[in-house]
Amino acid sequence: MTVSRLRDIPGIGVDVLGDAADALADPELLRLENLDTDLRPPHAALVATHQAVDQDAANSYLPFQGGMALREAAAAHVGRIAGRSYDPASECVGVAGGLNGILNSLLATVEPGEEVVLCDPVYAGLVNRVRLAGGVPRFVRSRPTDQGWEVDPEELAAAVGPRTAAVLLMSPSMPSGLLLDERHWAALAGPCHRHDAWLIYDAAMERVRFDGLGPRHPARDAGLAERTITVGSASKELRMIGWRVGWVVGPAPILADIRLVGLTNVVCQVGLAQRAVAEALTAPGAEEEMAAMTREWRLRCDTVLDELADYPVVRPGGGWSLLVDAWQLRLRPAELSQRLLRRGKVVATPMDGWGPSGERYLRLVFANEPVHRLRGLGDRFAAALPH
């Protein structure tokens, strides 16, 4: 690498597998490598997008912090889930997708050399952004169980110390589907207060839960309410991946810094897409549609779990992906990925470089293939892993 900030930042592998699959152009390939979904965006968003093409105001950088309609919708959306009120003018900014919001938040809260606490298994894109911001990742291990992934609240709290700038958490977590709840927030409140650490909450999939419960937002804990920065996105829950619109919501003083970072980084979100996202967040029946989408994703997840019942797969609590333990198959994840591609026509991403446990797991994304194509996945695995 030519610059030191890239020295410890590997690729994420998804692009390599995606490019290889695209080059093969084989309709029989089962595309489980990338966080896409074939489920359509909300109708209101499609209508608003078509209308925006003819609106001069949508073809603009301004306002840099996001249009007021977007910020009002996002602040109200986060407020409903967090159980508190946010001022859209001073406590919300628009960003060019959730991960842009994550990076902007890290750049506004982390001094070079300070630690950021994350749960492992973890998405490489989060770890890489911590490092790009000059932070040092500190991982807390999640453990696989028959019911899914679990992380001990006290272990999570113990990871917060004098060098901690922020705790960066997601629930359901990507790629494992780990769920966090009030026990974890209660355990973190004291250490975050003592060490003046922020909690950056990645809410990209918070409603995609398979337990029938609603989101468990950290700002509902009185001890974290003024320390929580919420980063949301239209990409997952609203299925608006190509629109590249997200939002950051939190206390006004830190939002002023995050806004400044945004002006210096990507500048603004996509003008043509902002009204569409606002319409999707506020459309009548939006919650019912979200529930229906989650039921479909759960059905796909259950299909994969049924197909791979004889393989070391960990059940996710939500989200779009699950993990296969390649080590239990006496393979490295990259080897398993190549066997599945060559022999089973399954495209799946090895997690090498995705945090400490990445060398062990292969990720399967179930959000982009319908149930009828997911059936037979077990036979594809059997073809790739003959006894």
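Rings of Phe, Tyr and Trp, the six-membered ring in the case of Trp, are taken as a pair if their centres lie within 6.5 Å. In this predicted model, the count under that rule comes to 6 aromatic pairs. One of these pairs is formed by Y123 and W354, with 5.4 Å from centre to centre and 80 degrees between the planes. The pair counts as edge-to-face because planes over 60 degrees apart are placed in that group. The two residues belong to distant parts of the chain, 231 residues apart. Y123 sits in the loop between β3 and α5 (124-132), and W354 sits in the loop between β14 and β15.

The loop between β3 and α5 also holds P121. The peptide bond from D120 to P121 is cis, with omega near 10 degrees. A cis peptide bond also joins M174 and P175, where omega is about 15 degrees. P175 is found in the loop between β7 and α7 (182-194). A further backbone feature concerns A25, which has a positive phi, near 50 degrees, although this residue is not glycine. A25 is placed in the loop between α1 (14-24) and β1 (30-31).

Strands β3 and β7 take part in an open sheet of 7 strands. The order across this sheet is β2-β10-β9-β8-β7-β3-β4, and the pairing is mixed. At the edges are β2 (92-95) and β4 (136-141), each of which pairs on one side only. On average, neighbouring strands of the sheet are turned by 20 degrees against each other, with direction ignored. Within the sheet, β7 (residues 164-170) and β8 (residues 198-202) run parallel and are joined by 5 bridges. L169 stands opposite Y201 in β8. Helix α4 (residues 98-109) packs on this sheet. The strands touched by α4 are β2, β3 (115-120), β7, β8, β9 (228-233) and β10 (246-249), and the direction of α4 makes about 155 degrees with that of β9.

Helix α4 also packs against another helix, α5. The angle between α4 and α5 is about 30 degrees, and their axes are 9 Å apart. The two helices are therefore roughly parallel to each other, since angles under 35 degrees count as such. The crossing in which α4 passes α5 is right-handed. On the α4 side, L99, I102, L103 and L106 take part, and they meet L126, R129, V130 and L132 of α5. By class, this contact of α4 with α5 has 7 nonpolar residues, 1 charged residue and no polar ones.

The model also contains a contact between helix α2 (residues 43-52) and helix α9 (residues 271-282), whose axes come within 8 Å and cross at roughly 155 degrees. Helices α2 and α9 are therefore roughly antiparallel, as angles over 145 degrees are assigned to that group. Here too a right-handed crossing is found, with α2 passing α9. The contact involves A44, A45, A48, T49 and A52 from α2, together with L272, R275, A276, E279 and A280 from α9. Sorted by class, the contact of α2 with α9 consists of 7 nonpolar, 1 polar and 2 charged residues.

A further open sheet has 4 strands in the order β11-β12-β15-β14, with antiparallel pairing. Its edge strands, β11 (313-314) and β14 (349-350), each pair on one side only. Between β14 and β15 (residues 361-365) there are 2 bridges, in the antiparallel sense. The bridge partner of P350 in β15 is L362. Helix α11 (residues 333-344) packs on this sheet and touches β12 (321-325), β14 and β15. The direction of α11 makes about 45 degrees with that of β15.

Helix α11 is also in contact with helix α13 (residues 377-384). The axes of α11 and α13 come within 8 Å and cross at roughly 105 degrees. This angle makes α11 roughly perpendicular to α13, because that group covers 65 to 115 degrees. R339, L340, R343 and G344 of α11 meet R380, F381, A383 and A384 of α13. The residues of the contact of α11 with α13 divide into 4 nonpolar, 1 polar and 3 charged.

Definitions and conventions
Residues are numbered from 1 along each chain as its sequence is written. This is a predicted model: local features need pLDDT of at least 70, side-chain atom pairs count only at pLDDT 80 or more; totals for chains, interfaces and linings use all residues. Side-chain values use heavy atoms; hydrogens and water are left out. Axes are lines fitted to C-alpha atoms, for helices over the stretch in contact, and angles run from 0 to 180 degrees between N-to-C directions. A crossing is left-handed if the near helix is turned anticlockwise from the far one by less than a right angle, and right-handed if clockwise. Contact means heavy atoms within 4.5 Å. Ala, Val, Leu, Ile, Met, Phe, Trp, Tyr, Cys and Pro count as nonpolar, Asp, Glu, Lys and Arg as charged, and the others, Gly among them, as polar. Two strands pair if DSSP finds at least two bridges between them. Rings of Phe, Tyr and Trp (its six-membered ring) pair if their centres lie within 6.5 Å; planes under 30 degrees apart count as stacked, over 60 as edge-to-face and the rest as tilted.
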